[in-house]
Amino acid sequence: MTDEPKLDILASDVTGQTVVNVGIDASDREMSVGELLDGLVPRMKLPRLGNGGRTLTYHARLEREGRHLHATEVVGEALQPKDRIMIQPTIEAGGNRR
Amino acid sequence: MNTRQPYRFVMELQKRDGSALGQVPVAADWEPAWEAARFLALRRFPRAAVGASTVAEIRPAWHETLGQPYISAVEVVLQVPGAGELSCRVPNSFFKSLAGDASAPLVQKGALQAGELFNYLVTAFPSPPQANGVAQRRERFQIEEVPTPLPVRVSLLGDFYALAVAAGEQNEEDIPVFLPRRVLAEADQMTRDSGAVETASVLIGHMHRDQAGGELFLEVTAQIPARNTEATATKVSFGPETWNAVRSALALRSGNEQWVGWFHSHPASSWCNSKCTPEARVKCPLQRSFFSADDCDVHRTVFAKAFHIALLVTNTDAGLQHALFSWRGGVIVQRGFHILGNEGEQNPAVAPVAVATIGDAENEKICP
């Protein structure tokens with residue numbers, strides 16, 4: 001255990017209509033952004049899989065710096081208390097002709 | 001919202017002659033069902049806040065003729081503190097895509113032919129109580145939903161009806177949706193301009209509550225073209241750059257408009273084999289309006305709120321065909337809408353509305 005306080009950030013979907021507060025224990029700040037996303041996506045009720053079982057891809061945009069976080073970045077180094085990240089999917093629509 | 005599921009669900013697959021194909025446990029994405037109930041509460045209880053203290057439970061609606069354990073629907077029962085209880089019916093079509101997924105191994109094993117129709121029934125059984133002493137996986141972070149109430153304007157629904165004409169079949173379960181003629185014209189023009197490739201935009205607007213009757217209704221105010229997309233003849237890809245561009249454009253408008261849906265086109269005329277006769281092209285499934293499985297994924301992933309809509313413009317040999325889709329009871333359905341006239345216009349022309357299919361592969365076959 002450490003005496004460091006919990007790292008609290010806000011995460012939202014692209015519409016801004018779903019927002020959650022994310023509290024990260026000090027001992028877990030070493031996790032990567034990719035690990036954070038893996039845990040965050042289902043808990044924000046966003047689907048992990050699309051039709052046919054294909055995996056959907058999500059990115060985290062750090063609003064303070066106006067950039068996308070790389071999956072390998074360390075949460076404790078990239079994020080500061082009260083930061084806001086936006087969870088953004090890459091996804092295709094269309095006729096889907098086979 | 002505190003959600004409870006005292007039942008587990010199992011799907012039975014049968015051939016059309018009634019012979020059994022097998023059973024699969026239902027691992028459903030319940031979020032659209034929870035969201036349908038959440039939005040129904042917003043419609044019924046204007047002053048209620050659906051938050052962490054709201055309890056929601058999924059219960060089976062037993063089949064009228066087959067009886068227990070078969071169900072004809074599920075009911076999402078919501079207890080809203082200080083407001084009351086309501087029930088939102090989610091039809092068995094909610095499980096249709098799961099049935100499709102469950103049939104794939106049966107086709108591989110030869111129990112079903114590819115494209116063969118089959119029936120599915122859903123059953124419900126009480127969930128066994130969770131065993132004590134089962135180690136819970138430690139979560140590496142905690143999350144708590146931050147209430148983000150949707151801004152709702154108080155207006156007179158009658159004022160909107162007076163300036164609009166109905167398009168497509170209206171269903172009283174749906175909230176009224178008003179699309180300006182101008183926005184439809186822009187979508188039409190984008191469809192024509194993009195030729196043989198698909199195009200898309202994000203629809204923005206306002207939620208209103210009728211001052212007279214209390215009903216919610218949706219007004220689309222504009223569409224923001226989805227820049228930085230990758231478009232081909234059969235798909236359009238949305239990525240982070242798309243979403244950022246839309247957010248920037250929305251901020252510049254500073255009208256407190258909300259994301260209310262999306263538009264995209266299907267260049268169906270270009271999909272059809274140019275060597276086919278005009279008569280064959282008219283009958284071609286690709287010329288019909290359809291909301292593909294990929295379209296359903298976009299709607300579920302980005303436009304998952306119960307009031308979100310999707311406008312599809314299909315460029316056919318017979319001209320542009322329109323279809324609007326939205327959520328109803330946790331399921332994506334085609335729905336009617338109202339076309340608002342341009343400023344001062346009393347009777348805007350009705351856009352051609354096509355009857356569409358949703359999520360099926362029938363219209364996604366390559367042209368012969």
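Colleague: Is A:Lys82 buried or exposed?

Modeller: The terms rest on relative accessible area: buried is under 20%, exposed over 50%, and partly exposed in between (1.4 Å probe, protein chains only). A:Lys82 has 77% and is therefore exposed. The model is predicted, so local features need pLDDT of at least 70 and side-chain atom pairs pLDDT 80 or more, whereas totals for chains, interfaces and linings use all residues. Residues are numbered from 1 along each chain as its sequence is written, chains are lettered from A and ligands numbered from 1 in the order written, and side-chain values use heavy atoms, without hydrogens and water.

Colleague: What is phi of A:Lys82, and where does the residue lie?

Modeller: Phi is near 75 degrees, a positive value in a residue other than glycine. A:Lys82 sits in the loop between helix 2 (75–78) and strand 5 (84–93) of chain A; helices (H or I, at least four residues) and strands (E, at least two) are DSSP runs numbered from the N terminus. B:Asn256 also has a positive phi, near 55 degrees, and is placed in the loop between helix 5 (240–253) and strand 16 (258–266) of chain B.

Colleague: How is an aromatic pair described?

Modeller: The distance of the ring centres and the angle of the planes describe it. Rings of Phe, Tyr and Trp (its six-membered ring) pair with centres within 6.5 Å; planes under 30 degrees apart are stacked, over 60 edge-to-face, the rest tilted. Over all chains there are 19 aromatic pairs. One of them, B:Trp30 with B:Phe94, is stacked, at 5.5 Å centre to centre and 25 degrees between the planes. Both residues are in loops of chain B, so the pair ties together parts 64 residues apart in sequence. B:Trp30 and B:Phe94 are both buried.

Colleague: How many salt bridges are there between chain B and chain A?

Modeller: There are 7, each a side-chain nitrogen of Lys or Arg within 4 Å of a carboxyl oxygen of Asp or Glu. Among them, A:Arg54 is joined to B:Asp294, with the closest N and O atoms 2.9 Å apart.

Colleague: Which elements give two or more residues to the side of chain B that touches chain A?

Modeller: They are strand 8 (141–146), strand 15 (236–238), helix 5, strand 16 and helix 8 (293–302) of chain B. Helix 8 of chain B gives the largest share, 8 residues.
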